Amino acid sequence: MALDIESTTTTPEKLPKRPLAVAPRNAARKMIKPMRSIAIFGAVGVLVAGIALPSFASSGAPVDATATLQQVAFDDAQSLVVASQATAAPLDRGTYTATTPEEIAEKKEKEAAAARAAAAAAASVASTPRNFNPGNYELVSPGSGEVRYPLPQGSYNQGRTIGGGHNGVDMLAPQGTPIYSTAAGVVRASAESIGGYGVAVMIDHVVGGQSVSTTYGHMTYGSRQVQAGQSVGAGQLIGFVGSTGRSTANHLHFEVWYGGSLVEPYSWLAANAG
């Protein structure tokens with residue numbers, strides 16, 4: 001019995017060795033690699049499509065040319081719309097006409113000079129009496145002749161006469177001294193400012209059949225008693241001595257034009273005034 005068991009039983013060394021199952025594993029590995037590659041390419045494709053398709057959709061949609069910036073921003077808040085034909089709004093310069101710094105400085109200087117001149121004129125007017133009471137003076141100068149002295153005798157001193165561009169005489173007198181018309185006539189001009197004469201009156205006369213014109217300059221502001229076009233009598237009160245216009249002291253600038261020619265006033269008065 002023992003022999004039978006021994007004879008039928010084989011030892012491990014004697015058993016035939018089975019070949020290893022390698023072939024199935026290698027086949028599985030060969031199948032996994034292509035599937036992995038397909039999955040990677042699929043994921044990449046999905047990623048690319050997710051990024052590109054929205055961009056393509058937004059770039060392909062036409063923008064209405066008449067749409068406002070707010071309307072476009074409502075549909076796509078990340079969009080920026082810039083007008084292709086934008087025009088600058090005109091600049092309202094108001095009353096300014098200067099454009100360069102030099103022109104602006106010149107304009108400001110002219111305005112400042114005008115303001116200074118106006119202030120000086122106002123100060124000059126404020127510092128001189130504007131209301132005169134003719135009742136305090138003789139309304140007609142003394143004398144009975146056709147020609148009278150423009151200032152009362154003894155109220156003035158003789159200053160310079162004609163010559164060197166000076167067309168009259170300067171009769172030096174205190175401010176407020178009454179001035180009279182030298183003869184009957186018609187007032188040609190009467191104003192608060194006539195060039196270098198300042199406050200002045202000009203009168204046209206007929207004396208001895210000849211045309212005579214007289215000028216009375218540098219009167220006090222507001223002192224004129226006659227207006228242009230008014231007829232006046234010989235020796236009539238027409239204003240008061242001052243220092244306006246191109247003047248440095250109170251005096252009457254008196255001119256006489258006889259037949260259109262300038263004559264020396266002191267001599268003419270001495271020969272004709274009564």
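Guide: A polar contact is a pair of N or O atoms within 3.5 Å, in which, within protein, one atom must be able to donate a hydrogen and the other to accept it. The model discussed here is predicted.

Visitor: What makes the pairing of the side chains of Glu255 and His253 a polar contact?

Guide: The distance between the side chains of Glu255 and His253 is 2.8 Å. The cut-off is 3.5 Å, so the pair qualifies. Glu255 has a further polar contact, of 3.1 Å, with the side chain of Trp257.

Visitor: Where does Glu255 lie, and which residues does Glu255 touch beyond four places away in sequence?

Guide: Glu255 belongs to strand E9, residues 251–258. Not counting residues up to four places away, the contacts of Glu255 are Asn167, Gly168, Tyr197, Ser213, Thr214, Thr215 and Pro265.

Visitor: Why is Glu255 said to have no salt bridge?

Guide: The nearest side chain of opposite charge is that of Arg188, 7.7 Å away.

Visitor: What partner does Arg188 have in a salt bridge, and what makes the pair count?

Guide: The partner of Arg188 is Asp204, with the closest N and O atoms 3.0 Å apart. That value meets the requirement of lying within 4 Å, so the pair is called a salt bridge. Arg188 lies in strand E4 (residues 185–191) and Asp204 in strand E5 (residues 199–207), so the bridge ties together parts that are 16 residues apart in sequence.

Visitor: How is it known whether Arg188 is buried, partly exposed or exposed?

Guide: Arg188 has a relative accessible area of 43%. Buried means under 20% and exposed over 50%, so a value in between is called partly exposed. Asp204, at 30%, is likewise partly exposed.

Visitor: How many salt bridges does a search of the whole structure find, and which side chain meets Lys110 in one?

Guide: The search finds 5. One of them joins Lys110 to Glu106, at 3.5 Å from N to O. These two are 4 residues apart in helix H4 (residues 101–126), which means a separation of about one helical turn. Lys110 counts as exposed because its relative accessibility is 55%, and the cut-off is over 50%. Glu106, at 46%, is partly exposed. Helix H4 also holds Lys107 and Glu111, 4 residues apart, whose side chains form a salt bridge of 3.7 Å.

Visitor: What makes the largest group of nonpolar residues a core, and which residues have the most contacts inside it?

Guide: A nonpolar core is a set of buried residues of listed nonpolar types joined through side-chain atoms within 4.5 Å. The largest one has 28 residues, and those with the most contacts inside it are Leu151, Met171, Ile179, Tyr216, Ile238, Leu252 and Phe254. Elements giving two or more residues to this core include strand E2, E9 and helix H5. E5 gives the largest share, 4 residues. Leu252 touches, among others, Pro150, Val169 and Val241.

Visitor: How many residues does the protein chain have, and what share of them counts as buried?

Guide: The chain has 274 residues, of which 26% count as buried. Its secondary structure comprises 5 helices and 10 strands.

Definitions and conventions: Residues numbered from 1 in each chain as written. Predicted model: local features only at pLDDT ≥ 70, side-chain atom pairs only at ≥ 80, totals over all residues. Heavy atoms only, no water. Buried < 20%, exposed > 50% of the residue type's maximum accessible area, 1.4 Å probe, protein only. Lys, Arg positive; Asp, Glu negative; His and termini not counted. Contact = heavy atoms within 4.5 Å.
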